[in-house]
Amino acid sequence: MAQTIQGIRGMNDILPQEGARWQHFDAVVRDWLAAYGYNQIRTPIVEATQLFVRGVGEHTDIVEKEMYAFEDSLNGEQLVLRPEGTAGCVRACIEHGMLYNQTQRLWYTGPMFRHERPQKGRYRQFHQVGVEAFGFNGPDVDAEMIVMLADLWRRLGLTGLKLELNTLGDSVERAAHRQALIAYLEKHVDILDEDGKRRLYTNPLRVLDTKNPALQDMAENAPKLAEFLGEESRAHFTGLCRLLDDAGLSYSLNHRLVRGLDYYNRSVFEWTTDQLGAQATVAAGGRYDGLVEQLGGKPCPAVGFAMGIERLILLLETQGVDAPRAVPDVYLVHAGEAAARSAFRVARELREAGLKVVLHAGGGSFKSQFKKADASGAHFAVVIGDEEAAAATANLKRLTGESGGDQQVVPQNELVARLSAAA
Ligand code: HAM
């Protein structure tokens, strides 16, 4: 026998038994996005490498070590499998002139790719739902995004999620803070680890984001961006907090929340859970007012977030939230050659009338077919033997509910009416 070929590490098959949960999640998310007036955008999975180098940031983990980057062997283009959705969304908006004198509320979903060390809740191919709004200065839209996530947790039946918030100020404020931070880190260079030393001048804010316990005190006492914020940035953040307070949302301010992508300014936020171990963040985002211009567009304020679908599915499982199972209305049982042809036609007619029908295939006794009908969860079995085929009738048997087991002979051309009345 030939050797089997395995899937790629960190890239998962989503099997049919998990499908119901994914489909339920998708359905809830679509309704939820429609309730807030967001329109879907679909962009390619492959983008130019430069998009993320310029968009996400040259010195971020994503760009430095996690991108699936390759050269197109046919034309030498430098390409990547997208590690996130925001940069591609902005690229598409600029390219199609969607940001001139107009606002956009957009969402997308699909696979993203990061070459990370796989573990529970962290994969190399994972799926996001992302939401982006362009042309709004906020803070009302920032608040709406955060509140809409709280609403999604309610719609999904998830509990116990926590919200953390920070503000990163504007570019001038950040530059002043950065200088002060570099001066501070230079004084502590002896205790910095490899990562810290490497990032001291390239990305000093990220040095504070360390998980290294030995550096916690140093990070805690570092100069805080809040001390460098001007009037406008402060008013923006106060406005955001006021709207969240009005909505009755609780949150904690975390001045060490800096995010792993460089495009953010002002509001940043993360929704976390303590039920998934180390991979605690289920949704995260913030404002990125400079990115459109940085990628070649006219300046345009923007804010958005993305959530990790795998993590939310894991959390739904952990919290025992059941997804409704999609079951057929009818399982069509048949035996004999004339019956098979009759059943084939009846199945099409029932489906045209809007019913969900599984037509038995693969032969077998009535008994084994009934076992499959039961296992499918179908509400009814429609049974056709050669006798019924000749008389253009069928045996209609209820499989579920209080009158489960009841059966009667019905003319085939009355099946739709009977089934619709019973539904
Ligand atoms: P991010 O924080 O890199 O932000 O990712 C958003 C979410 O995607 C995370 O909170 C997490 O739930 C999920 N996620 C990230 N990496 C993995 C992984 N390796 N395995 C499983 N899930 C993962 C962004 O991607 C930004 N584009 C969000 C954004 C949109 N900001 C503004 N607009």
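Helix H13 (residues 337-352) packs against helix H16 (residues 415-422) in this predicted model, at an angle of about 50° and with the axes 10 Å apart. That angle makes H13 oblique to H16, since angles under 35 degrees count as roughly parallel, over 145 as roughly antiparallel, 65 to 115 as roughly perpendicular and the rest as oblique. Axes here are lines fitted to C-alpha atoms, for helices over the stretch in contact, and angles run from 0 to 180 degrees between N-to-C directions. Helices (H or I, at least four residues) and strands (E, at least two) are DSSP runs, numbered from the N terminus.

Which residues make the contact (heavy atoms within 4.5 Å)? The table shows them.

| Helix | Contact residues |
|---|---|
| H13 | Val346, Glu349, Leu350 |
| H16 | Leu415, Val416, Leu419 |

Five of these residues are nonpolar, none is polar and one is charged. In this grouping, Ala, Val, Leu, Ile, Met, Phe, Trp, Tyr, Cys and Pro count as nonpolar, Asp, Glu, Lys and Arg as charged, and the others, Gly among them, as polar.

Now for the whole protein chain: 16 helices and 16 strands make up its list of elements. Along the principal axes, its C-alpha trace spans about 90 × 60 × 45 Å.

Residues are numbered from 1 along each chain as its sequence is written. As the model is predicted, local features need pLDDT of at least 70 and side-chain atom pairs count only at pLDDT 80 or more, while totals for chains, interfaces and linings use all residues; side-chain values use heavy atoms, leaving out hydrogens and water.

Over residues 27-328, the chain is 37% helix and 21% strand, with the end C-alpha atoms 18 Å apart.

Key. Contact means heavy atoms within 4.5 Å.
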